[in-house]
Amino acid sequence: MKYRAVKGTRDLLPPESERFAAAEGIAREVFSSYGYGEVRTPVLEATELFARSVGETTDIVHKEMYTFPDRKGRSLTMRPENTAGVVRALIEKGLQDMPRPIRLWYCGEQFRYEQPQKGRYREFRQIGAELLGIPGPEADAELLLMLFDFLRRLGFADLSVTLNCVPSRDGRQRFAEAVRAHVSPQADRLGTDDRRRLEENPLRLFDSKDAQTRGILEGAPTSPEFLDDSARAHYERLKQLLSIMKIPFTENPSLVRGLDYYTVTVFEVVSRGLGAQDAVLGGGRYDNLIGDLGGPDMPAIGFAIGEDRLLDVAPADPRPLREVFFVVPFSKEQLAYALEVARRIRRHDPAAVVDTDLSGRGFKKGFARAAQVLEDSSGPYPFRVSEVRVISLGPEEEARGTLKIKALSTRVEESVNLSSFERGPGR
Ligand code: AMP
């Protein structure tokens with residue numbers, strides 16, 4: 001019997017796992033600088049939460065959720081996205097009494113039963129942020145500014161955000177009816193999924209990947225025609241703010257996004273490097289969601305970045321450059337000394353990475369492995385290796401308490417006293 005990872009899931013091993021951790025570290029740094037704190041919510045939620053928030057007729061709820069009864073027959077779902085869980089957690093803690101705005105970010109696994117392909121998994125990771133309690137477009141602008149700060153830190157230089165404004169409540173209803181009226185005469189050209197969408201929630205037709213459906217939708221009414229004055233003003237001001245802040249955007253009046261809870265602002269960032277699954281991230285306002293889930297009426301906006309896709313197209317490895325010490329004993333006789341030397345260096349500099357050749361197979365093999373570490377940067381380290389300092393320990397070095405340290409890339413060799421690695425402040 002061969003055990004394999006479940007279809008649509010994947011293992012992250014070093015150095016890939018370290019790249020994910022580095023991207024998450026950068027997210028933490030950037031988001032913290034905007035006053036955000038991290039929130040962690042359970043993977044399991046009551047199924048009803050997603051039906052109410054993401055929407056009964058969306059693809060996610062209709063056919064993509066991992067839903068099962070627990071041993072007491074309660075219907076549970078492994079979260080397909082994180083906003084609903086965050087809002088649920090805040091309502092449970094007493095959102096109405098919290099000082100506003102509330103700024104939270106998260107990072108974690110999400111689950112959707114989709115057909116796996118490049119950039120599309122059944123278990124995938126999202127990094128996201130939610131800003132609650134501010135109705136004005138300045139909140140949208142700040143959130144997008146933060147998002148772009150993060151993307152720039154990862155080396156993205158030429159991404160642009162696709163923007164739209166969708167009507168809420170009445171306007172949404174009229175928009176949906178207008179789309180239905182446009183598509184209905186050609187209903188018999190739709191596939192079964194899209195026919196269901198037409199009946200249950202015509203706006204979901206915009207999520208369709210079917211070329212035929214897309215053709216029919218050309219010339220269909222678009223959301224800007226159904227905006228009320230306040231949404232229109234919000235949108236205009238947001239575009240001004242983005243221009244002032246030099247955040248590149250393009251408008252797409254048929255961007256609706258696959259979740260029902262969005263109101264007013266919606267946005268998406270796509271990357272050509274991704275192929276068919278080209279959306280790196282998406283987000284928008286959800287001004288009615290908190291009230292709909294039983295909380296107070298409170299406006300909010302957020303985004304979710306697909307971390308797997310983000311790292312697929314990131315122009316650079318997000319791990320920082322650092323050097324490694326590599327301790328190589330001459331033979332098994334010097335192994336104990338090697339452990340001691342490594343410990344002294346770590347005590348001296350608690351942030352140092354000291355890798356020890358525990359095989360005791362001698363200098364030649366030890367140096368060869370050290371050279372490999374420098375060359376392919378695919379070690380298990382949380383950084384890319386800028387330099388390897390090889391410390392070779394022979395019987396003579398042990399007797400004298402000295403260390404021979406050779407920098408592999410510059411080939412500079414020096415001899416230092418072990419006592420120069422004095423106990424640092426760390427340990
Ligand atoms: P959504 O929550 O649907 O708005 O998606 C936000 C982002 O999550 C998308 O732009 C993708 O980058 C990512 N994403 C969504 N579904 C998947 C999936 N099945 N596999 C990998 N990434 C995904």
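Q: Ground rule: helices are DSSP runs of H or I with at least four residues, strands are runs of E with at least two, and both are numbered from the N terminus. Where is R79 found?
A: R79 lies in the loop between β4 (75-78) and α4 (83-93).

Q: And what am I looking at?
A: This is a predicted model, where local features need pLDDT of at least 70 and side-chain atom pairs count only at pLDDT 80 or more, while totals for chains, interfaces and linings use all residues. Residues are numbered from 1 along each chain as its sequence is written, and side-chain values use heavy atoms, with hydrogens and water left out.

Q: Back to R79. Buried or exposed?
A: R79 counts as buried, because its relative accessibility is 6%. Buried means under 20% relative accessible area, exposed over 50%, and partly exposed in between (1.4 Å probe, protein chains only).

Q: What does R79 touch?
A: Leaving out residues up to four places away in sequence, R79 contacts T41, P42, V43, F50, G108, E109, Q110 and F111. Contact means heavy atoms within 4.5 Å.

Q: How does β4 pair with β3?
A: β3 (residues 66-69) and β4 run antiparallel, joined by four bridges. Pairing requires at least two DSSP bridges between two strands. P69 faces S75 across the pair. The hairpin has five residues between the strands, and G73 there takes a positive phi near 85°.

Q: Now the eight-stranded sheet. What is the strand order?
A: β1-β5-β6-β11-β10-β9-β7-β8, an open sheet with mixed pairing. β1 (37-38) and β8 (249-251) are at the edges with a single partner strand each, so one side of each has no neighbour in the sheet.

Q: What packs on the sheet?
A: Helix α9 (residues 229-244) does, touching β7 (161-166), β8, β9 (263-270) and β10 (279-285). The direction of α9 makes about 160° with that of β7. Axes are lines fitted to C-alpha atoms, for helices over the stretch in contact, and angles run from 0 to 180 degrees between N-to-C directions.

Q: How many bridges join β6 to β11?
A: Seven, with β6 (residues 123-132) antiparallel to β11 (residues 300-306). Q126 stands opposite G306 of β11.

Q: Switching to the ligand. Which residues come nearest?
A: R112, E114, Y121, R257 and A279, out of 15 residues around the ligand. Near means a heavy atom within 4 Å.

Q: Which strand gives the most to that shell?
A: β10, with three residues. β6, β10 and β11 each supply at least two.

Q: Last one: where is N288 found?
A: N288 is in the loop between β10 and α10 (289-292). N288 counts as buried at 18% relative accessibility. Beyond residues up to four places away in sequence, N288 touches S168, R169 and T263.
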